[in-house]
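Student: Before we look at anything, could you take me through how to read features of a fold, giving me the general idea and then the case?

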Amino acid sequence: MREPKSVTDLLTYRLLRLSNTLGLYSNRRYRKQFNVTLPEWRVLSIIALHETTTARDISRALATDKAWVGLSVEKLEQHGLVQRSTDKLDMRRTLVSLTKPGKGVHDAIMANARRRQKRLLGALPAGTAETLIVCLDRLQAEADRMLVELDEAQAPEA
């Protein structure tokens with residue numbers, strides 16, 4: 001493997017650029033077609049995955065700020081796509097779930113996302129899509145380990 005000559009040769013740059021390009025596509029398409037922004041879609045998708053969850057759990061799943069998730073949940077609730085309720089087992093917790101219209105929007109966007117994924121993976125050489133998925137999983141696991149190591153190195157000693 002050749003040594004990177006510039007920032008554009010770095011794996012992180014390439015992954016970020018691809019992610020940003022696909023994010024722009026999704027944001028434009030979902031906003032126009034479903035009146036949902038990409039961040040709202042991401043929150044919606046995690047709620048759908050868990051059926052009922054909390055903003056804290058959504059922020060963990062997305063590795064993002066809980067306040068940002070809270071704002072997205074508020075907007076989704078204003079659009080009638082999610083509903084909030086108090087957890088009967090722990091009255092301090094607020095649970096979030098999809099409404100019937102929210103499930104419809106989720107399912108329509110998910111169908112679109114599946115078509116986009118099929119198109120993207122179809123651009124790869126035959127037989128390499130599964131290898132890419134395995135490689136991405138390995139890269140994510142290593143990045144997670146790197147983050148834990150950084151957190152441990154920066155943790156104050158007791």
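Student: Which residues is Leu 44 in contact with, leaving aside its neighbours within four places in sequence?

Tutor: Contact here means heavy atoms within 4.5 Å. With that criterion, and with neighbours up to four places away in sequence left aside, Leu 44 is in contact with Leu 76, Leu 81, Val 82, Leu 98, Gly 102, Val 105 and His 106. Keep in mind that this is a predicted model, in which local features need pLDDT of at least 70, side-chain atom pairs count only at pLDDT 80 or more, and totals for chains, interfaces and linings use all residues. Residues are numbered from 1 along each chain as its sequence is written, and side-chain values use heavy atoms, with hydrogens and water left out.

Student: How many residues does the largest nonpolar core have, and which have the most contacts inside it?

Tutor: A nonpolar core is a set of buried Ala, Val, Leu, Ile, Met, Phe, Trp, Tyr and Cys residues joined through side-chain atoms within 4.5 Å, where buried means under 20% relative accessible area, exposed over 50%, and partly exposed in between, with a 1.4 Å probe and protein chains only. The largest such core has 21 residues, and Leu 44 and Val 82 have the most contacts inside it. At least two residues each come from α1 (11-34), α2, α3, α4, β3 (94-98) and α5 (100-122), and α2 gives the largest share, six residues.

Student: How many helices and strands does the chain have?

Tutor: Helices (H or I, at least four residues) and strands (E, at least two) are DSSP runs, numbered from the N terminus. The chain has six helices and three strands, arranged along the sequence as α-α-β-α-α-β-β-α-α. Buried residues make up 24% of its 158 residues, and the C-alpha trace spans about 55 × 50 × 25 Å along its principal axes.

Student: Which residues of helix α3 are buried, and why are they on the same side?

Tutor: An α-helix has 3.6 residues a turn, so residues three or four places apart point the same way. In α3 (residues 55-62), the buried residues are Ala 55, Ile 58 and Ser 59. They lie on the same side of α3 because they cover an arc of only 100 degrees around the axis, the arc being that of the directions from the helix axis to the C-beta atoms. Their cover includes α2 (38-50), β1 (52-53) and α4 (66-78).

Student: What is the phi of Ala 63, and is this residue buried or exposed?

Tutor: Ala 63 has a positive phi of about 50 degrees although it is not a glycine; this residue is found in the loop between α3 and α4 and is exposed, with a relative accessible area of 72%. Glu 51 is another case, with a positive phi near 70 degrees. Glu 51 lies in the loop between α2 and β1 and is exposed as well, at 63% relative accessible area.

Student: Where is Ser 97 found, and is it buried or exposed?

Tutor: Ser 97 is found in strand β3 and counts as buried because its relative accessibility is 14%. Beyond neighbours within four places in sequence, Ser 97 is in contact with Ile 47, Glu 51, Thr 52, Leu 81, Val 82 and Gln 83. Thr 86, in strand β2 (residues 82-86), is partly exposed, with a relative accessible area of 39%, and touches Met 91 and Arg 93, not counting residues up to four places away in sequence.
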